Amino acid sequence: MDVSGEDGKQLPHLVLAHKLFLLSHPDVDDLAKVDLRADVLAAVKSDDMAALYESLAADGVLEMDAALLAEMRARIDEEIRKLDEKIADAEENLGESEVREAHLAKSLYFIRVGAKEKALEQLKVTEGKTVAVGQKMDLVFYTLQIGFFYMDFDLISKSIDKAKNLFEEGGDWERKNRLKVYEGLYCMATRNFKKAASLFLDSISTFTTYELFTYDTFIFYTVLTSVISLDRVSLKQKVVDAPEILAVIGKVPHLSEFLNSLYNCQYKSFFIAFSGLTEQVKLDRYLQPHFRYYMREVRTVVYSQFLESYKSVTMEAMAAAFGVTVDFVDQELSRFIAAGKLHCKIDKVAGVLETNRPDARNAFYQATIKQGDFLLNRIQKLSRVIDL
């Protein structure tokens with residue numbers, strides 16, 4: 001397994017993880033699932049992933065073949081015996097770097113066969129034999145890849161913190177930039193879209209993490225997270241006009257129309273592109289759990305942008321601009337207004353929307369008063385303690 005992705009290919013295990021996700025997805029048709037099942041079985045057999053095969057068979061995803069399972073286990077036992085012999089030989093006859101390499105080979109083998117706990121344990125042993133910060137960082141990247149395969153967010157979070165601590169000791173820019181993409185993916189997968197957008201945008205010109213996903217997918221994630229995180233001016237500077245994004249945005253279906261029609265206030269085109277993108281969001285293993293939330297946030301952005309231009313506007317005009325019915329606008333906006341996402345009110349009798357933008361100065365004044373009261377209360381409590 002290549003930690004750096006220098007060959008420009010996504011890690012086979014992450015390709016497999018995506019196929020397993022699609023196999024469990026209700027929107028993927030049965031015919032496609034037949035091919036996916038064959039691909040999964042081939043991947044499991046080629047890497048002797050006995051534990052994964054057993055659990056997939058137990059879940060009814062694959063059919064249990066006891067002879068195949070026994071063969072895989074026998075090959076694993078034989079390979080581990082050979083790796084242990086190499087470690088023993090290195091410890092007796094060779095230097096420290098050879099001992100480390102032998103332990104690393106065993107770690108990578110456990111990762112390959114999908115033995116998660118054994119792999120993590122062996123990586124810790126390897127870390128104990130490792131001195132260089134760069135090599136320690138590579139071990140963290142291996143751990144992060146295990147985390148993303150199993151969607152183990154606790155493991156990912158701890159590993160990112162560990163990597164940041166390592167960088168305080170040193171570390172090169174290339175690994176630091178790669179860590180930004182790993183952290184960005186973690187933030188996106190845990191619904192912190194604002195931080196994900198910031199990290200992805202920082203990595204656009206230095207992207208080398210092909211082991212996680214292709215550059216096209218990276219731009220897809222960057223645009224999606226930026227649209228709901230950046231204001232209009234920042235979106236123009238960092239995304240709409242970014243040469244790196246312009247170079248590949250056309251390769252992702254509907255993405256260019258989605259971004260540009262939003263920025264250019266072409267709302268009818270935006271909704272068409274948006275509906276085209278929904279399938280891609282729904283079939284992405286990192287975004288799918290946040291599908292409903294993301295759809296809601298995008299609509300909040302686009303409705304807010306439209307209403308920003310008006311003190312009041314008829315519901316008919318808004319429906320026409322978005323290419324939807326008046327009833328749809330009424331239902332949509334009612335929900336968003338009730339949730340405090342939009343600052344406007346509906347005059348149903350006149351069929352008019354009236355915006356009531358919050359007064360920023362007044363809000364700041366109220367916040368200052370509140371903080372002042374809190375501070376005075378604290379001082380009073382403190383003075384009582386001092387008097388005693």
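UniProt annotations may be inferred rather than shown by experiment. One such annotation, "coiled-coil region", comes from an unreviewed UniProt entry and covers residues 69–100. In the structure, which is a predicted model, this span is 94% helix and 0% strand.

The domain assignment divides the protein chain into domain 1 (7–158), domain 2 (172–289) and domain 3 (360–387). Between the centres of domain 1 and domain 3, taken over C-alpha atoms, the separation is 56 Å.

The largest nonpolar core comprises 115 residues. Helix α7 (residues 133–150) contributes the most to this core, giving 10 residues. Both domain 1 (7–158) and domain 2 (172–289) supply residues to the core, so it lies between them. Val-223, Leu-255 and Phe-258 have the most contacts inside the core. For Val-223, when neighbours within four places in sequence are left aside, the residues in contact are Val-239, Ile-245, Ile-249, Leu-255, Phe-258 and Leu-259.

The largest pocket has a volume of about 360 Å³, and 19 residues line it. Of these lining residues, Gln-10, His-18, Thr-217, Tyr-221 and Asp-284 lie nearest the centre of the pocket. Two or more lining residues come from each of the elements α1 (12–23) and α11 (215–227).

Definitions and conventions. Residues are numbered from 1 along each chain as its sequence is written. This is a predicted model: local features need pLDDT of at least 70, side-chain atom pairs count only at pLDDT 80 or more; totals for chains, interfaces and linings use all residues. Side-chain values use heavy atoms; hydrogens and water are left out. A nonpolar core is a set of buried Ala, Val, Leu, Ile, Met, Phe, Trp, Tyr and Cys residues joined through side-chain atoms within 4.5 Å. Buried means under 20% relative accessible area, exposed over 50%, partly exposed in between (1.4 Å probe, protein chains only). Helices (H or I, at least four residues) and strands (E, at least two) are DSSP runs, numbered from the N terminus. Domain bounds come from an automatic or database domain assignment. Contact means heavy atoms within 4.5 Å. On a 1 Å grid over the protein atoms alone, a cavity is a set of points where a 1.4 Å probe fits but cannot get out, and a pocket is an open set with protein on both sides within 12 Å along at least five of seven lines; lining residues have an atom within 4 Å of a point. Grid points are joined across faces, edges and corners, and a volume is the space filled by probe spheres set on the points.
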